[in-house]
Amino acid sequence: MTGDATFHVDLRGVVDLLSHHLYSSPRVYLRELLQNAVDAVTARTEEEPGAPRRVRITPADVSPDGLLHVDDSGIGLDETGIRDVLATIGASTKRDALGLARDSFLGQFGIGLLSCFLVTDEIRVATRRAGTDETWLWVGRDDGTYRVGRAPEGRAEPGTDVALRPRGSAAELLSARVVRSLALTFGRHLPLDVTVALPDGPVEVAGRRFPWEEEDPAARREAGLALGEQVVGSRPLDVVDLSDAEAGLRGQAFVLPHAGGPRAAHRLYAKRMLVGESVPDLLPDWAFFVRAVADTERLGLTASREALHDDDLLDETRARLGRQLKRWLLRMVRTDRARSEEFFRVHHLAAKAAATTDDDMLDVVAEVLPWETTVGTMSLAQFSELHHVITHVDSVDAYQQVAAIARAEDIAVLNAGYAYDQALLRRWVDRRPGLDSRRLAPEELADRFSVPSEADERAFEPLLDVARSVLSRSGSVPVARSFRPSSLQAVLLVGRDAHLERDRRDVAASADGPWADALETLAAPSAEPRFVLNVENPAVRRLVEGADAGLQQVAVEALYAHALLSGRHPLTPFDSALVARALPALIDRAIERGPS
């Protein structure tokens, strides 16, 4: 085996990879230059507390030499620093030498500088190290070559000037109009003097306060609501202060006045420099009812500094911020009923989603959100106080089938057919000793109905024969029973097994050979839907006693169609055809009979 060898690196390829594929947009070049300038200024003021803290940006179309200049009063570099920092991609020598590995600095000068190759072919760095008199010039090109030498003109004071010549279509990005906008976007909250030279004079772009830095609570809230309106597009329902000492984070969350998407993204600053407008993962997934703006001192960023680094600190910070949002929600529920009702009207799905995994949110949802029941609208907590066995149905269609009958029979049934309801009900019951739940299948109600007397059975048999003939292709079994309310002529009860059996029949009808035989063995004869005619209904009794077979057929079709629609059952092709003809046929029959 031969000895170890060293990788051969295509430097042009590395530069292209870092400058064109690491960053999401060429606009980040100015953010990277600003970050480097801020780092250098911070390093110098830590050594010289009275040193100036300024950055001067001169756009290419304003500068006499046609280059964009970013000039800072920072610590600068000497010849050794230039070779260690700017000539070695990925090395940490410079960061250690200048102290840029410490928490008070934003980034990595060497890597960030490469973003400039998104807009230029050549980067010129003129720099003078604090405490020295020499000014050095480093010129790097996008082919990976560079040169270092004494600058033709020395700097009057320590600091660094980075100059870029616009490349082709990138010229607009180095113009005064765009540079001013980018400087404001990225640096408006930086704590130093940043100006952009414009044709009519320099403009200050930094030094703005965050809303949460207002000491007066009322002023802080109003400033937050104003910022929130910019962030979400309309005035938020509320603003929530956020803070986390471990992450050095402060910010505000804005409660959306409309339903949010499943994944929220937030505006994030790192040491007051904008990271991004749509940074995910800062808050728990369930908190998609808010959008946040925050500034962090210690959360880690990815190499491009456009997203958060996924690590333990981020996980812990996200959990702590989530607890702050829950405390706000609980406080609002207990102290401001009008606002909480407005919140849940808009964000009930978000709250329910959070409650499927979080006990505190489950308690809030169970106490506050209204549930549909056959004994009136009430919260889950109220219903479980009245009924220690929670009888429920698991679909809205099933609730439509049973609601009227359950009310008449004094059966308390809860509609758990909406999103997350089943999971919430299970968790609620599991956390409360002595509480239980039972799913009510619609077909069970037929077993609660009274069997008619022998005389009624004989009287209804001809009508049932007509119904069997009419509904033979529907798969439904007609029966006669007594039930309340007597005003209800008929009901179609289709349980979960019946729905599965209908699906099996539909698939079997289109299959052949062994598959058809296999599906036939899976048939569930007891799963047929039941079409129940109400013996107690006066109209149904008149149909039995005084109608001819033709009228009975038309009436059965109309009653079946009504039961299908009122129960919100899915329609088969047979059902759809029957519904389409039932009412016109009944009208025609009534016209034929004429006035009585």
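Colleague: How many helices and strands does the protein have?

Modeller: This is a predicted model in which local features need pLDDT of at least 70 and side-chain atom pairs count only at pLDDT 80 or more, while totals for chains, interfaces and linings use all residues. Residues are numbered from 1 along each chain as its sequence is written, and side-chain values use heavy atoms, with hydrogens and water left out. Helices (H or I, at least four residues) and strands (E, at least two) are DSSP runs, numbered from the N terminus. The protein has 20 helices and 21 strands.

Colleague: What percentage of the residues of the protein count as buried?

Modeller: Buried means under 20% relative accessible area, exposed over 50%, and partly exposed in between, with a 1.4 Å probe and protein chains only. The protein exposes about 28400 Å² (Shrake-Rupley method, 1.4 Å probe), and carbon and sulfur atoms supply 50% of that area. Of the 596 residues, the share that counts as buried is 50%.

Colleague: Which strands stand at the edges of the open sheet of three strands?

Modeller: The strand order is 19-21-20, with mixed pairing; two strands pair if DSSP finds at least two bridges between them. Neighbouring strands are turned by 25 degrees against each other on average, direction ignored. Each edge strand has a single partner, so one side of it is left without a neighbour in the sheet; these are strand 19 (477-481) and strand 20 (490-493).

Colleague: Which residue in strand 21 stands opposite Ala480?

Modeller: Strand 21 (residues 530-534) pairs with strand 19 in the parallel sense, over five bridges. The residue of strand 21 opposite Ala480 is Leu533.

Colleague: Is Arg272 buried or exposed?

Modeller: Arg272 is found in the loop between strand 11 (266-270) and strand 12 (273-279). Its phi is near 75 degrees, a positive value in a residue other than glycine. At 16% relative accessibility, Arg272 counts as buried.

Colleague: What is the relative accessible area of Asp410?

Modeller: Asp410 lies in the loop between helix 12 (396-408) and strand 17 (414-415). The phi of Asp410 is positive, near 55 degrees. Asp410 is exposed, and its relative accessible area is 69%.

Colleague: Which residues is Arg54 in contact with, leaving aside its neighbours within four places in sequence?

Modeller: Arg54 is found in strand 1 (residues 54-58). Arg54 is buried, with a relative accessible area of 16%. Its contacts beyond those neighbours are Val41, Asp71, Asp72, Ser73, Glu157, Leu192 and Asp193.

Technical notes:
Axes are lines fitted to C-alpha atoms, for helices over the stretch in contact, and angles run from 0 to 180 degrees between N-to-C directions. Contact means heavy atoms within 4.5 Å.
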